[in-house]
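Please open the model in your viewer and keep the selection panel at hand. The stops below follow one another, and each begins with something to select.

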There are 2 protein chains.
Amino acid sequence: MTYCVGLKIDRGLVFMSDTRTNAGIDNISTFRKMHVWEEPGERVIVLMSAGNLATTQAVVSMLDERSKAASDRVGTLLETPSMFQTAKLVGDTVKEVIKTSSPDGQTADSYFNASIILGGQIKGGEPRLFLIYPEGNFIEAGEDTPFFQIGETKYGKPIIVRAYDPAMSFAETAKLLLVSFDSTLKSNLSVGLPLDMMFYERNTMRVGFRKRIGGDDPYYRAVSDGWSNALKAAFSSLPEFTED
Amino acid sequence: MTYCVGLKIDRGLVFMSDTRTNAGIDNISTFRKMHVWEEPGERVIVLMSAGNLATTQAVVSMLDERSKAASDRVGTLLETPSMFQTAKLVGDTVKEVIKTSSPDGQTADSYFNASIILGGQIKGGEPRLFLIYPEGNFIEAGEDTPFFQIGETKYGKPIIVRAYDPAMSFAETAKLLLVSFDSTLKSNLSVGLPLDMMFYERNTMRVGFRKRIGGDDPYYRAVSDGWSNALKAAFSSLPEFTED
């Protein structure tokens, strides 16, 4: 499986993804699921994918090749006039790849499915965050739902719902997402280390802090070990049940 | 959906279930999913079910009718010589009901599916806890996996994994399960209040404390409200992330 989270805060966007892919439980590999395109000062676009690896790699490769072919750059990932148009381009590419892979064309429950979190900012626009479905359509994060998860979303959701605050600092979001990922890693073997993390600071149009976090990362270890104890302490702090 | 948890502790067994059933999101009802059979001093058997309501009700009714027909009580729920035989009887009943409902007989992904948590104690034996699959086979809780969940299991699992301790008191398990249920209720609309809770104390062969917990239950409210703050405090207690 996969676990990726894209989070919108006042200061910008935060992205985190795992790197495990599996074809059956006995065939596990590490692949990057976070892809970044940058034109410094002009645009930063981040894409994270879950689903069939062949599909998601084909989508990224097609977007990537197009962005490099100078003669064919009109309407490509580095030329789209807005994040909305970028999301549309990615959605269309997903639809195209799935259609090519699937003998009967696009079907919603296809084995070739892929879900994508797309975020970034293009000069003149706001930072925006989208969730793109395998059908190629998409939704945008707003005030009420300021984050998107794809893949194994359930284990790590409660802490995000409870601790998220739009005024958070980047450091706080890193902590929040590491707790969310740690809960997921502990519960689903098909989500695995290392993790890729990236901050995008509003209006910089530059890739911010990036880090690959492995199992021996001291901060990850501190969060993972500390969270067990912190949860137990939180649990103890609740009032005791009485039979009445 | 449904959320039920059966927990084995040193002092006995603890059961909690929600009561929401739905046929589509616009057709929601309240049904008891926890069923108890008792012969004081002899046996206590508790059954919680998830899945197709027609199937689970038919299973319970069949077990119930059989346990009442005095002439046909050999090998029935109040006559089984051990908890293992009880689990086998329930498993066989599940298989029988699904086979009758399903036009093509038993299939694992059938719409008529039901999963069951069965726990209890029969005089002369230990308290035991089983998870019964729609195929009629079952597994037993042991030291390494001292609890079973059925239905919407993911949101509420991390807290049980981290805070469970076999030496817990019944009051502590009530708190633990309410936290687990609260996380699930907050995330999945198809799990709903009120909750049914029951304690079974080892070697008593009597139904222990039972309670139906509604949304206005003061302890539930205290846990639900307190847990948000406790989680935020736990989160704050973790070390801060630094870009290095």
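Begin in chain B of this predicted model by selecting helix α4, residues 170-187, together with helix α5, residues 218-237, which pack at an angle of about 65° with their axes 10 Å apart. The two helices α4(B) and α5(B) are therefore roughly perpendicular to each other, and their crossing is right-handed. If you now show side chains, you will find that B:Lys175, B:Leu178, B:Val179, B:Asp182, B:Ser183, B:Leu185 and B:Lys186 on the α4(B) side meet B:Tyr219, B:Tyr220, B:Val223, B:Ser224 and B:Trp227 on the α5(B) side. Sorted by class, this contact of α4(B) with α5(B) has seven nonpolar, two polar and three charged residues.

Next, turn to chain A and select α4(A) with helix α5, residues 218-237, where the packing angle is about 65° and the axes are 10 Å apart. Here α4(A) and α5(A) are therefore roughly perpendicular to each other, and they cross in a right-handed way. By class, the contact of α4(A) with α5(A) has seven nonpolar, two polar and three charged residues.

Now bring both chains into view and look at where they meet. How many residues of chain B are in contact with chain A? There are 43 of them, and they touch 43 residues of chain A. The area buried between chain B and chain A is about 4,000 Å², and carbon and sulfur atoms give 69% of this area. To see where chain B contributes, select B:Arg162, B:Phe235 and B:Phe241, which lose the most area to chain A and together make up 24% of what that side buries.

Stay at the interface for its charged pairs. Side chains of opposite charge can pair when their charged atoms come close. Across the interface of chain B and chain A the rule finds six salt bridges, while the count over all chains comes to 26.

The last stops concern the backbone. Most residues other than glycine have a negative phi, and most peptide bonds are trans. In chain A, select A:Leu193 and A:Pro194, which are joined by a cis peptide bond with an omega of about -5°; A:Pro194 sits in the loop between α4 (170-187) and β11 (195-201) of chain A. In chain B, a cis peptide bond with an omega of about -5° joins B:Leu193 and B:Pro194, and B:Pro194 is in the loop between α4 and β11 (195-201) of chain B.

Finally, move along chain A to A:Asn203, which has a positive phi of about 65° although it is not a glycine, and which is found in the loop between β11 and β12 (210-213) of chain A. End with B:Asn203, where phi is positive at about 70° although this residue is not a glycine; B:Asn203 lies in the loop between β11 and β12 (210-213) of chain B.

Conventions
Residues are numbered from 1 along each chain as its sequence is written. Chains are lettered from A and ligands numbered from 1 in the order in which they are written. This is a predicted model: local features need pLDDT of at least 70, side-chain atom pairs count only at pLDDT 80 or more; totals for chains, interfaces and linings use all residues. Side-chain values use heavy atoms; hydrogens and water are left out. Axes are lines fitted to C-alpha atoms, for helices over the stretch in contact, and angles run from 0 to 180 degrees between N-to-C directions. Helices (H or I, at least four residues) and strands (E, at least two) are DSSP runs, numbered from the N terminus. Angles under 35 degrees count as roughly parallel, over 145 as roughly antiparallel, 65 to 115 as roughly perpendicular and the rest as oblique. A crossing is left-handed if the near helix is turned anticlockwise from the far one by less than a right angle, and right-handed if clockwise. Contact means heavy atoms within 4.5 Å. Ala, Val, Leu, Ile, Met, Phe, Trp, Tyr, Cys and Pro count as nonpolar, Asp, Glu, Lys and Arg as charged, and the others, Gly among them, as polar. Buried area is the accessible area (1.4 Å probe) that two parts lose on being put together, summed over both. A salt bridge is a side-chain nitrogen of Lys or Arg within 4 Å of a carboxyl oxygen of Asp or Glu.
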